[in-house]
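Q: Could you pick one part of this structure and take a close look at it with me? I'd like to see how its pieces connect, step by step.

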Amino acid sequence: MPDLTSNCAGIKSPNPFWLASAPPANSGAQIMRAFDAGWGGAVWKTLGQPIQNVSSRFGGLHYRGTKAIGFNNIELITDRPLETNFKEIYEVKKRYPDNAVIVSLMVETKEEWKDIIKRSIDAGADGLELNFGCPHGMCERGMGSAVGQEPTVNERITSWAVEYSTVPVLVKLTPNVGDIIPHGLAAQAGGGHGVSLINTIKSIIGVDLDNMVLQPQVDTLSTNGGYCGAAVKPIALHMVAQLARHAEFNLPISGIGGVSNWRDAVEFIALGSTSVQVCTEVMLRGYRVVEDMIEGLENFMEEKGYAKLDDLVGAAIPSYSEWGNLDMNYETVAKIDSESCIGCHLCVVACHDGAHQCIHANDDKSVFVPVVDESECVGCNLCQIVCPVPDCISMVEVDNGWDRATWNEHVAGTGKLRPKKGAH
Ligand SMILES: Cc1cc2nc3c(=O)[nH]c(=O)nc-3n(C[C@H](O)[C@H](O)[C@H](O)COP(=O)(O)O)c2cc1C
Ligand code: SF4
Ligand code: SF4
């Protein structure tokens, strides 16, 4: 049986799956139910001076029959008294000593940081997470992403937290920046023990066209919110991987953003995350989603021969390179499996209108399987992406006789590129 235990910046949990700081981790009773369901850890809903929320506050992006592939919120940090939260943290830790409880924090002054850190640790926190990411409401008050977007402020507040903390400090980064690297390095320079990312992406989820008001609506107005859920996974994976592969960055990472199932989680781990946090999927489907994550990760590790989580952390990072290092002479073409093809011709339309006009209807009208003109196919993958039948279109490597050559080698005069296809 593979060992799923995780040690993220010194915060240990029986598996790498943590609830992200959000409504599913709002109270002790919820977190205890989550631990019973199998979650390894939980990042408590951000504590600070309790706020008042607006109504309504969530929005969903529904796409072709699938509800909430993206999710947006204009909620702030905890609206519950600090004393109540600390009492519940104490209770949770007493009853679940082996699960990780990380307390997310967001306050303003140095004195406030000192005070809230002490109270969190006294209550039993295994770690702290500094919320430098919230992109609405709190940033207008000089906190959240207003801190996360300024490396010098990030570094300064991280160093305060590290000075006052006796438990590991994770810095939660905002994706609302052009380049994540300076922000990860600022957390490192401040002495942070790890980073977590991403928080939500500044967004407008949509407009109600009947009354011309942005969503989610608060009476006759609305505001920009934070985007998350399945749709943000590619952005989150990129930011996690960028930090994980950066030569000067060497902190552990807790990966967050659009994790909906065990595969998503494994992708985050393979790109450098030691723990994985989930919010939206739990909000939509409940704590039980962790069962699939644990079972899937366990089966995957067993099948692929990973004995412990650390063996898997960052396993895909060596494959992440610059565009200029890709082999320009590597070539694939689309092949259609005539046995499984249903003749829908979605690939024909896609290739004709969106690619290189090289999948055609068969000249013999009695044959519904289309034909790929391999001499014109540029191997772009579009037909495979639109084909509704699993494994019906495969992208097959062509032995074109050309040696490997990258763009960088070509520019340096050391590599010769094959003739272009489909560019006439
Ligand atoms: C309704 C809602 C409230 C949130 N509140 C917080 C918060 O208090 N503190 C925080 O650090 N992140 C907060 N987040 C962000 C999540 O912790 C997480 O970073 C983000 O949703 C991306 O993960 P996901 O795609 O799994 O939802 C909130 C997200 C949502 C949807
Ligand atoms: S891979 Fe691209 S170019 Fe080739 S057949 Fe498919 S859509 Fe057309
Ligand atoms: S999209 Fe797939 S199933 Fe449909 S015609 Fe093309 S190859 Fe066949």
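A: Let's start at the shell around ligand 1, where β4 (41–47), β6 (66–73) and α9 each give at least two residues. Keep in mind that this is a predicted model. The shell has 27 residues in total, and the closest ones are Ala20, Thr46, Cys228, Cys279 and Thr280. What's it made of? Sorted by class, there are 11 nonpolar, 12 polar and 4 charged residues around ligand 1.

Helix α9 (280–285) is part of what covers the buried residues of α10, and so are β3 (17–19), α1 (28–37), α8 (262–270) and α11 (309–312). So what does α10 itself look like? It runs over residues 289–304, which makes 16 residues, and spans 23 Å from first C-alpha to last, close to the 22 Å you'd expect at 1.5 Å a residue. Its buried residues are Val289, Val290, Met293, Ile294, Leu297 and Met301. Those six sit on the same side of α10, because they cover an arc of only 140 degrees around the axis. Just past the end of α10, Gly305 has a positive phi of about 80 degrees.

Helix α1 is one of the elements covering α10, and it's worth a look too. Here the buried residues are Gly28, Ile31, Ala34 and Phe35. They fall within an arc of 120 degrees seen down the axis, so they line one face of α1. The face turned away from them has the exposed residues Ala29 and Asp36. What do the buried residues of α1 pack against? Their partners are β3, β4 and α2 (82–95), and β4 brings us back to the shell around ligand 1. Just after α1, Gly38 also has a positive phi, this time about 125 degrees.

One more stop on this side: the loop between β2 (11–13) and β3 holds Pro14. Is Pro14 buried, exposed or in between? It counts as partly exposed, because it has 18 C-beta neighbours inside 10 Å, while buried takes 20 or more and exposed takes 12 or fewer. Leaving aside neighbours within four places in sequence, Pro14 touches Leu4, Thr5, Gly40, Asp98 and Asn99. Take Asn99: Pro14 and Asn99 are 85 residues apart in sequence, yet their C-alpha atoms are 6.6 Å apart in space.

Finally, step back to the inside of the model. The largest nonpolar core has 90 residues, and Leu19, Ala42, Ile102, Leu128, Val240 and Ala265 have the most contacts inside it. Helix α7 (residues 233–245) gives this core its largest share, 7 residues. As for Leu128, its contacts beyond four places in sequence include Ile102, Ile117, Ala161 and Val167.

Definitions and conventions. Residues numbered from 1 in each chain as written. Chains lettered and ligands numbered in written order. Predicted model: local features only at pLDDT ≥ 70, side-chain atom pairs only at ≥ 80, totals over all residues. Core = buried A, V, L, I, M, F, W, Y, C linked by C-beta atoms within 7 Å. Helix = DSSP H or I, 4+ residues; strand = E, 2+ residues; numbered from the N terminus. Contact = placed C-beta atoms within 7 Å. Expected span 1.5 Å × (residues − 1). Arc of directions from axis to C-beta. Near = placed C-beta within 6 Å. Nonpolar A, V, L, I, M, F, W, Y, C, P; charged D, E, K, R; others polar.
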